Amino acid sequence: MWQPNTAQWRIIWIVALLLILGWPPDQGRSLAIKAANWLADPTNSLPALPAQLPIGLDDNGDAVAAHDAEETEYYRQYASSGMTRLRMTLKVATDPFDPSTERQILAGIGILSALAVWRFNERTRT
């Protein structure tokens, strides 16, 4: 019965973790992106960029002032340091590709890795 050697086990484990963490659900973000979002701001203390002011509220001075204050605070923190800028970027990060494209890429990585493990097994037997 075939047993993978140490190098093959390393490839299998790394690829399995990559597939589990990177596989996107039908809706939402992959587990890796969710973890990055949470690790960037676990206490939810960083401000998010406020949505654009709705057209109907542009005459309301209080709403405009509140929106401008939120936006000013966001940009103040964004400009404060490189680490804060990175955290704010990671907080709202999404998967880099469309889910179907990402699944195809991850399936290709899995298949090519299986072929590499198989090929590596052929070299050790001869």
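This note walks through a predicted model of one protein chain, point by point.

1. **Ground rules.** Residues are numbered from 1 along each chain as its sequence is written. The model is predicted, so local features need pLDDT of at least 70, side-chain atom pairs count only at pLDDT 80 or more, totals for chains, interfaces and linings use all residues, and side-chain values use heavy atoms, with hydrogens and water left out.

2. **Make-up.** The protein chain has 5 helices and 0 strands. Read from the N terminus, its elements run α-α-α-α-α. Both kinds of element are DSSP runs, numbered from the N terminus: helices are H or I with at least four residues, strands are E with at least two.

3. **Overall shape.** The C-alpha trace of the protein chain spans about 80 × 30 × 20 Å along its principal axes. Its radius of gyration is 23 Å, whereas a compact globule of 126 residues would have one near 14 Å. That radius is taken over C-alpha atoms, and the globule rule is 2.2 Å times the number of residues to the power 0.38.

4. **Surface and burial.** The accessible surface comes to about 9200 Å², and carbon and sulfur atoms hold 64% of it. The areas come from the Shrake-Rupley method with a 1.4 Å probe; for residues, only the protein chains shown count as cover. Of the 126 residues, 22% count as buried. Buried means under 20% relative accessible area, exposed over 50%, and partly exposed in between (1.4 Å probe, protein chains only).

5. **Contacts along the chain.** Take the contacts with a separation of 6 or more: residues 24 or more positions apart account for 67% of them. Contact means heavy atoms within 4.5 Å.

6. **Helix 3 against helix 4.** Helix 3 (residues 61-80) and helix 4 (residues 82-91) pack at about 125°, with axes 5 Å apart. That makes helix 3 oblique to helix 4. Under 35 degrees counts as roughly parallel, over 145 as roughly antiparallel, 65 to 115 as roughly perpendicular, and the rest as oblique. Axes are lines fitted to C-alpha atoms, for helices over the stretch in contact, and angles run from 0 to 180 degrees between N-to-C directions.

7. **Who meets whom.** From helix 3 come Tyr74, Gln77, Tyr78, Ala79 and Ser80; they meet Thr84, Arg85, Met88 and Thr89 of helix 4.

8. **Two residues to look up.** Glu71 lies in helix 3. Glu71 is partly exposed, at 27% relative accessible area. Ile105 lies in helix 5 (residues 99-125). Ile105 is partly exposed too, at 37%. Ile105 and Leu19 are 86 residues apart in sequence and 9.9 Å apart in space, C-alpha to C-alpha.
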